[in-house]
Amino acid sequence: MWPCSDGAFRRTVPFGLYCYTVTVVWYALHGHRPSDASDRRERARWYTAKTYPSVSDMVAKLRRVIIAARFLPTSPGRPTNQEIRAVQQEWAAASLDTAA
C-alpha cells in the first residue's frame, strides 16, 4: 500500500524516476567529459574531494546544452552531388530487391 492515498504521489514518483533515468543516460552517452568534476571543483571550492559529477551537475549540464541548442542557428546544409547519387543508388537497389 502506498503511504499516500491520493493519486498524485503515484504519478509523481514514477515520473521523477523516469526524468532521473533519462538525465543520467543522456549524460553517460553524450554529456560526460573527464574534466567535469574538476571544473565543478573549480567553481565550488567546498567540493574538495569531488571525483564524480552529481545528478545536479548532470541536470545543470543538460539544461545548458538545451538552452544553447535553442539559440544556435540550425540550417541544414545542402547535400552534395555525391550524397544525392548515393541515395538514388540505394533507392534503386531497394526497388530491385523488392521487385525480385
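Colleague: How many helices and how many strands are there in the chain?

Modeller: This is a predicted model, and its chain has 4 helices and 0 strands. Along the sequence the pattern reads α-α-α-α.

Colleague: What share of the residues in the chain is buried?

Modeller: Of the 100 residues in the chain, 13% are buried.

Colleague: What makes the contact of D36 and K61 a salt bridge?

Modeller: The cut-off is a side-chain nitrogen of Lys or Arg within 4 Å of a carboxyl oxygen of Asp or Glu. Between the side chains of D36 and K61, the N to O distance is 3.1 Å, so the pair meets the definition. The structure holds 1 salt bridge. As a general point, side chains of opposite charge can pair when their charged atoms come close.

Colleague: Why is D36 called buried?

Modeller: Buried means under 20% relative accessible area. D36 has 15%, and therefore counts as buried.

Colleague: And how do you know that K61 counts as buried?

Modeller: The same cut-off of under 20% applies. The relative accessibility of K61 is 16%, so K61 is buried too.

Colleague: Why is H32 called partly exposed?

Modeller: Partly exposed covers the range between the buried limit of 20% and the exposed limit of 50%. H32 is at 40% relative accessibility, so it falls in that range. H32 sits in the loop between helix 1 and helix 2. Its C-alpha lies 9.3 Å from that of K61, although H32 and K61 are 29 residues apart in sequence.

Colleague: Where is S35, and what is its relative accessible area?

Modeller: S35 is in the loop between helix 1 and helix 2. Its relative accessible area is 35%, so S35 is partly exposed. From the C-alpha of S35 to that of T51 the separation is 9.8 Å, with the two residues 16 apart along the chain.

Colleague: What makes F15, Y18 and V22 a nonpolar patch on the surface?

Modeller: A patch residue needs over 30% relative accessible area, and nonpolar side chains are joined within 5 Å. V22 has a relative accessible area of 41%, so V22 is over that limit and counts as partly exposed. Together F15, Y18 and V22 have about 350 Å² of accessible area. V22 is in helix 1, which runs over residues 7-31.

Colleague: Which residues line the largest pocket?

Modeller: The lining consists of Y27, D36, D39, R40, R43, P53, S56, D57, A60, K61 and R64. The space in this pocket is about 170 Å³.

Colleague: Which helix gives the most to that lining?

Modeller: Helix 3 does, with 5 residues. Helix 2 (36-43) and helix 3 (55-71) each supply at least two.

Colleague: How do the lining residues of the largest pocket divide into nonpolar, polar and charged?

Modeller: The division is 3 nonpolar, 1 polar and 7 charged. Asp, Glu, Lys and Arg count as charged, so D36 and K61 belong to that group. Both are on the list of lining residues, and they are also the partners in the salt bridge.

Key. Residues are numbered from 1 along each chain as its sequence is written. This is a predicted model: local features need pLDDT of at least 70, side-chain atom pairs count only at pLDDT 80 or more; totals for chains, interfaces and linings use all residues. Side-chain values use heavy atoms; hydrogens and water are left out. Patches are made of residues with over 30% relative accessible area and no salt bridge: like charges are joined within 9 Å, nonpolar side chains (Val, Leu, Ile, Met, Phe, Trp, Tyr) within 5 Å. Accessible areas come from the Shrake-Rupley method with a 1.4 Å probe; for residues, only the protein chains shown count as cover. Buried means under 20% relative accessible area, exposed over 50%, partly exposed in between (1.4 Å probe, protein chains only). On a 1 Å grid over the protein atoms alone, a cavity is a set of points where a 1.4 Å probe fits but cannot get out, and a pocket is an open set with protein on both sides within 12 Å along at least five of seven lines; lining residues have an atom within 4 Å of a point. Grid points are joined across faces, edges and corners, and a volume is the space filled by probe spheres set on the points.
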